[in-house]
Amino acid sequence: VDRWAPPGWEGDDPCAWPGVECGVKMEGMLMPTETAFVKTVTVSGVCAAAEDKGLECVLPPSIGKLDLTERLYLAGNAFVGWIPAEISGMVSLKALYLNANSITGPIPASIGMLKKLEKLHLNSNYLTGNIPKELGSAAALQQLELQKNELDGTIPSTLGHLSHLVNLDLHGNRLVGYIPEELGSLSHLHRIDLHGNLLGGEMPPEMFGRHMQSLMKVDLSSNSLTGGIPYEVCHLQRLVQFRVDDNDLDPPLVSCEAPHGHHSDIENRHACREQLRDFCVNMPPFGLHDEL
């Protein structure tokens, strides 16, 4: 608290501080008593206050002591330094927003120990190193946003274990290797964005099977992908965006972009199907007229 001290954080009762929401837990068996705990933290201006005190604005290892905190919204605060491995102590955490800071260093593998974590937003920082395979153990994840960092290495196949994942955004990094076919297990996925990396190899057909009917947006552009576009893409009935431009793909090539804005899914879906029609009816083994 001494390091952060955003405006209004005064006094000894955190539940009275702006941006802090508390909950109540019952302790004791025979004569239970109510005890308040910090449930949600949503603050801005943290680092400006720290700088005024001549302090470096970092996430302290003691953050792991917030074992009952469920949501931590610290986006856009200009935090520096590394994410402490001790963050794994926040075992009740459901949402972690550290995006749009100046955080460096690796993503701690210990985040994979957060079994209740649903939303992980670490985008728009300066994170380096590999995406830890241990993230595949954070089984409740629905949103994984790691875009616009300096991550390298390959996409771990263990991300295919995240059966509740809806959004996967890794764009604007330095990722190499193949797109793992295990991502085709993410049957609840709505959006996948891998554009602007150094990915190679062929697109795995498993990503576009009939079981991927929730998939709406696919952006694999600006990589070094080879081979052809899998005809399985024609099975995706809800597509509103499909981008694979700026790769080394074999013809025929096809793409579709949401022409009606981001809030017109029905119109965009129809437009996408029209743009894919010629591609799909000519693909083997016999054309996919029934899909369109």
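In this predicted model, F242 touches F208, V218, I229, V233, V254, S255 and C256, leaving aside residues up to four places away in sequence. F242 is fully tucked in, at a relative accessible area of 0%, so it counts as buried. F208 is buried too, with a relative accessible area of 0%.

Zooming out, the largest nonpolar core has 72 residues, and L144, F208 and F242 are the members that touch the most others in it. Strand 2 (33-42), helix 1 (46-52) and helix 2 (265-281) are the elements that give two or more residues to this core, and helix 2 gives the most, with four residues. As a rule, nonpolar side chains in soluble globular proteins tend to be buried together.

Turning to the rings, the structure holds three aromatic pairs. One of these is Y73 with Y97: the ring centres sit 5.0 Å apart with the planes at 45°, so this pair is tilted. Y73 belongs to strand 3 (residues 71-73) and Y97 to strand 4 (residues 95-97), so the pair ties together parts that are 24 residues apart in sequence. Y73 is partly exposed, at 26% relative accessible area, whereas Y97 is buried, at 18%.

F208 and F242 make another pair, with ring centres 6.1 Å apart and planes at 80°, so this one is edge-to-face. Here F208 comes from the loop between strand 12 (200-202) and strand 13 (217-219), while F242 lies in strand 15 (residues 241-243), so parts 34 residues apart in sequence are tied together.

As for confidence, the mean pLDDT of the protein is 90, and 91% of its residues reach 70 or more. Residues 286-292 have pLDDT below 50, and this stretch has 17 contacts in the model beyond near neighbours in sequence.

Key
Residues numbered from 1 in each chain as written. Heavy atoms only, no water. pLDDT = per-residue confidence, 0-100. Contact = heavy atoms within 4.5 Å. Core = buried A, V, L, I, M, F, W, Y, C linked by side-chain atoms within 4.5 Å. Buried < 20%, exposed > 50% of the residue type's maximum accessible area, 1.4 Å probe, protein only. Phe/Tyr/Trp six-rings, centres within 6.5 Å; stacked < 30°, edge-to-face > 60°.
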